[in-house]
Amino acid sequence: MTHDLYDIINRRRDVRAEFTGAPVPGEALDRILTAAHAAPSVGLTQPWDFIVVRDRALREEFHAHVSRERDVFAATLDAEAAARFARIKIDGVLESTLSVVVTYDAGRGGPAVLGRHAIADAGLYSVCLAIQNLWLAATAEGLGLGWVSFYREEFLRGLLGIPAGVRPVAWLCLGPVSRSHDVPDLERHGWRRRSPLDQVRHEDRW
């Protein structure tokens, strides 16, 4: 079983172009969200919510916003980087079966959150742990997941009616895929390469 976990970790990919649009079984989605909800959280606050987005019109509106933000980023690049970026697909919002938006409520469990008094971002870290659980569970179910980061938080908050004070952290595209690449997209397209562990490992001090 330990080997299975490591295999899932290493097979996990940020999927964009390979979604088929086929249905996601309800039982599988329940298992995935249950795994996300089982993540550790500071002060046991569980400061996340999960919005399952299926509506086509909402997804089209979000996709149009993402496309505009892609152009904003592209305009900041030099010619060589822009040429590389032009080959990279940044989302699967319309191709995926559905999306899951994960949010962070800093007020949950307050005002005195055990373990957060010295590290204000500990609640946000907790949400990221839930996202990682969700991602690994999706991989274990044989589904693809892609994290879309080309958006403005205020736009997404308004689009989905997220209350003031609740922060949208991730738009995750989810669904069956035609294949899973051995090499991550950004490496395949020459954007960046992974660094080896020995470059980032330290003992006792930096």
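Buried means under 20% relative accessible area, exposed means over 50%, and partly exposed is what falls in between, with a 1.4 Å probe and protein chains only.

Before going on, a word on what is loaded. This is a predicted model, in which local features need pLDDT of at least 70 and side-chain atom pairs count only at pLDDT 80 or more, while totals for chains, interfaces and linings use all residues. Residues are numbered from 1 along each chain as its sequence is written, and side-chain values use heavy atoms, with hydrogens and water left out.

**Stop 1**

Check the backbone: phi of Leu44 is near 50°, a positive value in a residue other than glycine. Now select Gln46, which lies in the loop between α2 and β1. Gln46 isn't a glycine either, yet has a positive phi of about 45°. Its relative accessibility is 27%, so Gln46 counts as partly exposed. For background, most residues other than glycine have a negative phi, and most peptide bonds are trans.

**Stop 2: a cis bond**

Select Gly110 and Pro111. The peptide bond joining them is cis, with omega at about 5°. Pro111 belongs to the loop between β2 (98-105) and α5 (122-140).

**Stop 3: zoom out**

Switch to cartoon. There are seven helices and four strands to find, and going along the sequence the pattern reads α-α-β-α-α-β-α-β-α-β-α. The radius of gyration, taken over C-alpha atoms, is 18 Å, close to the 17 Å of the globule rule (2.2 Å times the number of residues to the power 0.38) for 206 residues, so the protein is as compact as a globular protein of that length. Along the principal axes, the C-alpha trace spans about 50 × 50 × 40 Å.

Of the 206 residues, 40% count as buried.

**Stop 4: β4 and its partners**

Select β4, residues 166-175. This strand is mostly covered, with nine of its 10 residues buried. Two strands pair if DSSP finds at least two bridges between them. β2 and β4 run antiparallel and are joined by eight bridges; to see one of them, pick Tyr104, whose bridge partner in β4 is Arg167. β3 also runs antiparallel to β4, through five bridges. There, Gly146 has Cys173 of β4 as its bridge partner. β3 is mostly covered too: four of its five residues are buried.

**Stop 5: the rings**

Show the aromatic side chains. Six aromatic pairs turn up in a search of the whole structure; rings of Phe, Tyr and Trp (its six-membered ring) pair if their centres lie within 6.5 Å, and planes under 30 degrees apart count as stacked, over 60 as edge-to-face and the rest as tilted.

Start with Phe62 and Tyr151, a tilted pair at 5.8 Å centre to centre and 55° between the planes. Phe62 lies in helix α3 (56-74) and Tyr151 in the loop between β3 (144-148) and α6 (153-160), so this pair ties together parts 89 residues apart in sequence. Both Phe62 and Tyr151 are buried.

Phe62 and Trp171 are stacked, at 3.8 Å centre to centre with 10° between the planes. That pair links helix α3 to strand β4, with the two residues 109 apart. Phe62 and Trp171 are both buried. Keep the three selected: ring pairs link Phe62, Tyr151 and Trp171 into a cluster.

**Last stop: charges over rings**

A charge sits over a ring if NZ of Lys or CZ of Arg is within 6 Å of the ring centre and within 35 degrees of the ring normal. Select Arg12 and Trp135: the charged end of Arg12 sits over the ring of Trp135, 4.6 Å from its centre. Then try Arg70, which lies over the face of Phe85 at 4.3 Å from the ring centre.
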